[in-house]
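Hi,

Here is the structure I promised to pass on. Please open it alongside this note; what I found follows below.

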Amino acid sequence: MKKHGLAMALAAGLFATTASAQVLQMAVDGSPAGLDPHLVTAFNSIQIVSGTIYEGLTAIDANLRTVPALAKSWDISPDGKTYTFRLVEGATFHNGAKLEAADVVASLGRVMSKDIASPLASRLASVDKAEAKDAGTVVLSLKEPSAPLLTALASIAIVPRTFESNKDGLQRAPVGSGPFKFKEWQPNGFIELEKHAGYHDKAKPKLAGLKYNIVPESATRQVGVTSGQYAMLPNIDAATALQLKGKPGVRLAETLELAYTLVGMNVSKPPFDNPKVREALNYALNRSEIVQAALFGAGVPGGPLSPALKDWALDVKEFPCFTHSAAKAQDLLKAAGVTGPVAVTLLVLPRQDIKDIAQVVQAQLNKAGFKAELKIPELGAFVQDWRNSNFDAFVSTNAGSTDPDDYFYRTFRSGGSTNVFKYANADVDKLLDSARAESDAGKRKAAYASVQKALACDGPAAFMTYGQLFTAMRANVQGFGIIANRSLMTLADTTVGQ
Amino acid sequence: MKLLASRLADLLVVLVGVSVITFLMIRLIPGDAVAIMLGANTEVTPEKIAELRARLGLDQPLVSQYFQWLGGVLSGDLGVSIWTRRPVSQEIGAHIRPTVQLAAMALVFGAGLAVPLGVLMARWRGNRMNALLQIGTVAGLTIPSFWLGIMMILLLSAVAPEAQVLGYVPFTEAPLESLKRLALPAFALALPILANLARLVRSAMLDALAQDYVRTARAKGVSEASVFFKHALRNALIPFVTSLGIMTGYLLGGAIVVEQVFAIPGLGRLVLGAIAERNYPLVQAVVLVVTVTFVGVNFLVDLLYAAIDPRVRP
């Protein structure tokens, strides 16, 4: 009995040291629906595939700027319609095949193919054709100049050419060229990646592997990282992070989110068809109070673009309606010809932080001439009502993007695919169309500044807050950098000390 | 034989009833699979929605959807998961082992400890230890297992921070590690059953001890131990065996919560996810499997009951 116990202890000890020094144990909250980088868009898939299993021609760094990845450099023709990319040398796929220009062409073709029906296809809408000039050079010809193209290419993973017309092959068993390769997926249990020995940067990765443990219960994830069973909780919200702040052995990395919270309004029916009522709602909100009360101080008020996008975002001082005034709100309602409190039902995304925010918003609106009621359905029902514009107004969160074009265009252009507000503003449409084709950075910036001003106070959305995004890790985890788009690509530089 | 046939007929009625109810319930909650699937997608058009509905067979009338599904099940085909496009039987196969192991361990804990505990409680009736045990069992019945689970994890992380208690290791890969990981969740799951069964054994023992045959045995000069264990306990175990069958229902329901807390990739996690995604075939199949298990176990218990208690035999 005693001998047996000793042997067990030895075996357990041996197992523990080899595992903890090499494989980074992470805990994430949900199972991804799949791992095909051209088909998945949810964050819980992105943080497993993006920059870890897969790379694109370009990448987004921690400052949200576009940097080279599989393309080591590129030239743009003077008319802005031809891009020539030179690929890094020595890149191989996890299945052993060399990564060549033909794979890049096939990957772009796969995303644009009707049959694959990739949700990323619209990001390549400007591409007319892609050609392999030689094994290491790819030429993209565009229909019209496209300023956001280089940023968009960061989200287009390069896959082996053999998958060009294979729709299901990558969902369960991804094959990329990134620093980590897929090893095992125990459904609802974990997803494990191991070091890709043939990675083109020989110095990376430093870890032997990554293990994404799927742990749905928040309390369990917290105990897991404080006790050291998990070395990292990637991309967590303020509520969880602040509970871990100051715990011995735990460190937090943080950055401002691209995603924001908003009150979205249906401009196709009363009362929010009237711009004055929309402006009144903006004045009624006290954004600093929302940050304090619902985000525990971990966030900032923000306009149509995240303050994290330093190259693009206007300071909120430029938006008069961000100075809270209940009296001004009531004046505007009077000017809009409204008598008595304006009754509105707010459809609320059933997520804890959003529910907290909605309650603060409700109280603020009710002090400024509105009579707001909350309707908190279950997620499936929310999505359906949201998608069908079946609301007066909704309280939710919207994912931003690293280039303003992508998210502005689909969200606020008339007929945009996520323009559930039914907003149509000819000036905004014109600005968005011209900025998209503009290659001069200064002119683009000016166009998006006008868009921000047009949207901020009487647009279809009252932009509220940008929260802090956190990653919690054990103190001995080194070299990790958090990125607002939730990519974990810096895990390639990460090490775990003793 | 007649007993067998009538029980089998009951079983069939239950299964059909449950399948109809599940089929309707999952479809009656607002929000459908297609809307959720396309939720975050940036290129949704009404044509795309219609096309997807048609591909999934969701554009058919409910009645024909039901019979199509029933036909499949009867020929051994549980359908395909809407989200992963993998056969439902494969998804269930990948998730059933942790749940079975968890339930089995909980049953061993619960039933195994309940008998000695119940006997002790009967033996100590009226003294202070009994009062303590009584309070303990009431607590065991009322503490929700998710809360107990979180408290146990917190406690253990304070006492033994190196202990690995979260997640699941297959029994076939590392039997000891597997048992170690599931010990805590199994205990959290077992506690209500343990409390329930112990109280049952206690009252059945007290009943049995008041019977004439016990008085007769004592009058014959049979030793107290023999009276307790041979005469009283054997009779007291009859209701115990019956409720064991009912307890499998608790176990399977409780497993959903406990798997969530302890990050165990079992059937509970599978079905929770499937409900959130409106993955109709998967929800239907899991509920069917759980129902068949529950009904099957109770069927076995009925047979067992007939075996241990001659009076039940027709």
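Start with two helices in chain B. Helix 10 of chain B and helix 11 of chain B are roughly perpendicular to each other. Bear in mind that this is a predicted model. The axes of helix 10 (residues 224-262) and helix 11 (residues 267-276) of chain B cross at roughly 90 degrees. They come within 7 Å. That angle falls in the 65 to 115 range, which is why the pair counts as roughly perpendicular.

Now the residues at this crossing. Helix 10 of chain B brings Ala255(B), Ile256(B), Glu259(B) and Gln260(B). Helix 11 of chain B answers with Gly268(B), Arg269(B), Val271(B) and Leu272(B). By class, the residues of this contact are 4 nonpolar, 2 polar and 2 charged.

Next, the contact between the chains. Chain B puts in 35 residues and chain A 39 residues. On the side of chain B that touches chain A, helix 10 and helix 11 each supply at least two residues. So do helix 2 (33-37), helix 5 (88-123) and helix 7 (145-159) of chain B. That side of chain B has 20 nonpolar, 11 polar and 4 charged residues.

Last, the core. The largest nonpolar core has 217 residues. Val263(A), Val395(A) and Val286(B) have the most contacts inside it. Helix 8 (residues 175-209) of chain B gives the most to this core, with 18 residues.

Val286(B) deserves a look of its own. Leaving aside neighbours within four places in sequence, Val286(B) is in contact with Ile92(B), Leu267(B), Leu270(B), Val271(B) and Ala274(B). Val271(B) is also among the residues where helix 11 of chain B meets helix 10 of chain B.

Best wishes

Technical notes
Residues are numbered from 1 along each chain as its sequence is written. Chains are lettered from A and ligands numbered from 1 in the order in which they are written. This is a predicted model: local features need pLDDT of at least 70, side-chain atom pairs count only at pLDDT 80 or more; totals for chains, interfaces and linings use all residues. Axes are lines fitted to C-alpha atoms, for helices over the stretch in contact, and angles run from 0 to 180 degrees between N-to-C directions. Helices (H or I, at least four residues) and strands (E, at least two) are DSSP runs, numbered from the N terminus. Angles under 35 degrees count as roughly parallel, over 145 as roughly antiparallel, 65 to 115 as roughly perpendicular and the rest as oblique. Two residues are in contact if their C-beta atoms, placed from the backbone, lie within 7 Å. Ala, Val, Leu, Ile, Met, Phe, Trp, Tyr, Cys and Pro count as nonpolar, Asp, Glu, Lys and Arg as charged, and the others, Gly among them, as polar. A nonpolar core is a set of buried Ala, Val, Leu, Ile, Met, Phe, Trp, Tyr and Cys residues joined through C-beta atoms within 7 Å. A residue is buried if 20 or more other C-beta atoms lie within 10 Å of its own, exposed if 12 or fewer, and partly exposed in between; C-beta atoms are placed from the backbone.
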